[in-house]
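Please find below a note on the model under review. It is set out as numbered points for discussion.

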Number of protein chains: 2
Amino acid sequence: MCQLLGMNCNTPTDIVFSFEGFRRRAGLTGCHSDGFGIAFFEGRGVRIFRDNRPASHSPIADCVKQYQIKSLNVIAHIRKATQGEINIENTHPFIREIWGENWVFAHNGNLKDLPDMSESFCQPIGSTDSEAAFCYMAEYLKNRFRKKPTDMQIFEAIQDITKKLATHGTFNFILSNGEWMLAHCATNLHYLTRKAPFGKACRIDDDGVIDFNDYAKAGDKVTIITTFPLTKDESWTKMENGGFVLFKDGDKVAEIIGVEKEAVDDGTL
Amino acid sequence: MCQLLGMNCNTPTDIVFSFEGFRRRAGLTGCHSDGFGIAFFEGRGVRIFRDNRPASHSPIADCVKQYQIKSLNVIAHIRKATQGEINIENTHPFIREIWGENWVFAHNGNLKDLPDMSESFCQPIGSTDSEAAFCYMAEYLKNRFRKKPTDMQIFEAIQDITKKLATHGTFNFILSNGEWMLAHCATNLHYLTRKAPFGKACRIDDDGVIDFNDYAKAGDKVTIITTFPLTKDESWTKMENGGFVLFKDGDKVAEIIGVEKEAVDDGTL
């Protein structure tokens with residue numbers, strides 16, 4: 001299994017405080033050492049950094065820390081391989097163009113017996129179940145809507161295809177098009193929103209401390225989504241299994257409460 | 001206009017000697033200061049670095065120099081914007097998945113009145129003519145061949161679509177799928193192959209000197225493709241206008257001699 005980290009904000013924010021705790025789980029406080037990746041939206045563009053070395057010791061991760069890139073939407077992933085070799089093409093997050101936008105996707109879980117995609121318009125490059133599932137989702141969305149529909153139509157369509165894919169196994173994921181960030185929880189996904197009044201936080205993985213008052217402005221809203229909480233003194237919400245949450249500008253704008261067991265693939269919602 | 005740099009080799013090679021001269025043209029010895037990008041194939045995966053700052057002064061470019069990434073296929077681009085704002089989504093090289101492979105593309109030129117792609121399966125994200133042309137090419141190839149054909153069928157198909165696109169303006173480009181590198185010259189593109197017996201070379205842009213005997217092994221072959229020669233004491237071949245060259249493992253494996261004027265879009269080769 002792997003771990004996921006996402007950030008969705010209403011003001012460009014650097015993710016260094018969260019990422020510095022998260023990356024320790026790739027070899028120091030956790031065993032997710034089979035590569036890492038992090039994608040920063042910048043307008044409609046994406047800066048993406050990947051390495052097949054553990055995030056805790058990667059010079060690419062040091063570079064990410066050093067530049068303190070500010071972004072409205074960031075997705076990071078530390079890998080513990082279940083399917084697919086340890087190499088760059090199997091390293092999350094994956095990226096595809098959908099309706100003229102960059103879509104960025106990272107998965108935690110394990111999916112088995114996914115449909116053959118060898119003649120699909122959108123095909124996986126590596127050998128992970130994760131990228132295959134994302135390609136299946138992309139193909140489904142492009143076939144269902146020739147042009148970009150409303151955010152709520154997208155949210156519903158992603159629920160439909162997710163429930164089908166989830167019949168193949170465990171499917172926690174974070175997805176963003178640079179405007180919104182969508183999280184689906186199968187087993188473990190937590191989130192919190194930092195906004196005024198700001199306080200201090202202490203990281204679980206190395207006791208690093210920050211006082212957000214030193215960095216944030218009054219109206220700032222920063223939502224962090226992650227597999228397991230990153231701080232010990234903040235109130236994290238555990239998503240329900242089977243649930244979906246859509247964030248925009250740091251706010252939760254839609255939520256589908258999960259069901260204990262994922263829906264079976266009967267073609268309905 | 002912009003400038004292009006490509007490298008295709010039979011052994012993983014770092015591009016630092018060439019890139020260090022090339023990047024000076026982005027603000028020091030040339031005016032191609034509107035962002036840069038460089039993509040390194042690593043197996044089927046790609047490491048891609050982009051910045052909207054000039055390559056000569058970009059910390060991302062410093063990072064690329066520092067890590068001395070070795071690769072069989074590299075494509076770099078320094079931009080002088082003709083169409084599209086200066087931002088990350090308009091920064092070459094562009095990348096798309098075709099037949100389950102990463103394809104990387106960089107363009108020098110200016111294309112006008114390209115067909116509308118707003119309902120295409122493969123759409124541009126930014127606002128450059130270059131990305132739109134690449135998407136048009138990707139859509140054409142995927143529709144013509146549902147599964148990956150032979151390299152020679154691909155080479156012919158790219159000639160067909162290129163001649164159509166070239167009726168819209170100036171279309172120099174370098175393209176790679178990580179196995180081969182294809183160059184098309186409309187106005188300016190030069191190449192050379194470094195192989196035994198190796199010698200010294202002196203860069204045009206800063207007089208930097210290298211003796212390849214200090215780095216290369218007997219069987220190494222490294223082809224460099226670039227808009228204008230990077231060294232003053234090596235023999236560069238200028239491609240003919242309208243010509244195509246296909247390189248693999250550092251060797252020229254196919255060539256179509258150009259015609260002085262690009263073919264008109266009459267649906268034939």
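1. Basis. This is a predicted model, in which local features need pLDDT of at least 70 and side-chain atom pairs count only at pLDDT 80 or more, while totals for chains, interfaces and linings use all residues. Residues are numbered from 1 along each chain as its sequence is written, chains are lettered from A and ligands numbered from 1 in the order in which they are written, and side-chain values use heavy atoms, with hydrogens and water left out.

2. Interface. Chain A contributes 34 residues to the contact and chain B contributes 35 residues. Between them the chains bury about 3,200 Å², of which 55% lies on carbon and sulfur atoms (buried area being the accessible area, with a 1.4 Å probe, that two parts lose on being put together, summed over both). A:Phe121, A:Ile125 and A:Arg146 supply 25% of the area that chain A buries against chain B, more than any other three residues.

3. Helix H2 (residues 59-67) of chain A packs on helix H2 (residues 59-67) of chain B at an angle of about 160°, the axes being 12 Å apart. Helices (H or I, at least four residues) and strands (E, at least two) are DSSP runs, numbered from the N terminus; axes are lines fitted to C-alpha atoms, for helices over the stretch in contact, and angles run from 0 to 180 degrees between N-to-C directions. H2(A) and H2(B) are therefore roughly antiparallel to each other (angles under 35 degrees count as roughly parallel, over 145 as roughly antiparallel, 65 to 115 as roughly perpendicular and the rest as oblique). On the H2(A) side, A:Pro59, A:Ile60, A:Cys63 and A:Tyr67 meet B:Pro59, B:Ile60, B:Cys63 and B:Tyr67 of H2(B). By class, this contact has eight nonpolar, no polar and no charged residues (Ala, Val, Leu, Ile, Met, Phe, Trp, Tyr, Cys and Pro count as nonpolar, Asp, Glu, Lys and Arg as charged, and the others, Gly among them, as polar).

4. Helix packing within chain A. The axes of helix H3 (residues 129-144) and helix H4 (residues 151-165) of chain A come within 10 Å and cross at roughly 140°. H3(A) and H4(A) are therefore oblique to each other. Residues in the contact include A:Tyr136, A:Tyr140 and A:Arg144 of H3(A) and A:Ile158, A:Asp160 and A:Leu165 of H4(A). Nine nonpolar, one polar and two charged residues make up the contact of H3(A) with H4(A).

5. Backbone. A:Gln68, although not a glycine, has a positive phi of about 45°, and its place is in the loop between H2 and S4 of chain A.

Terms used. Contact = heavy atoms within 4.5 Å.
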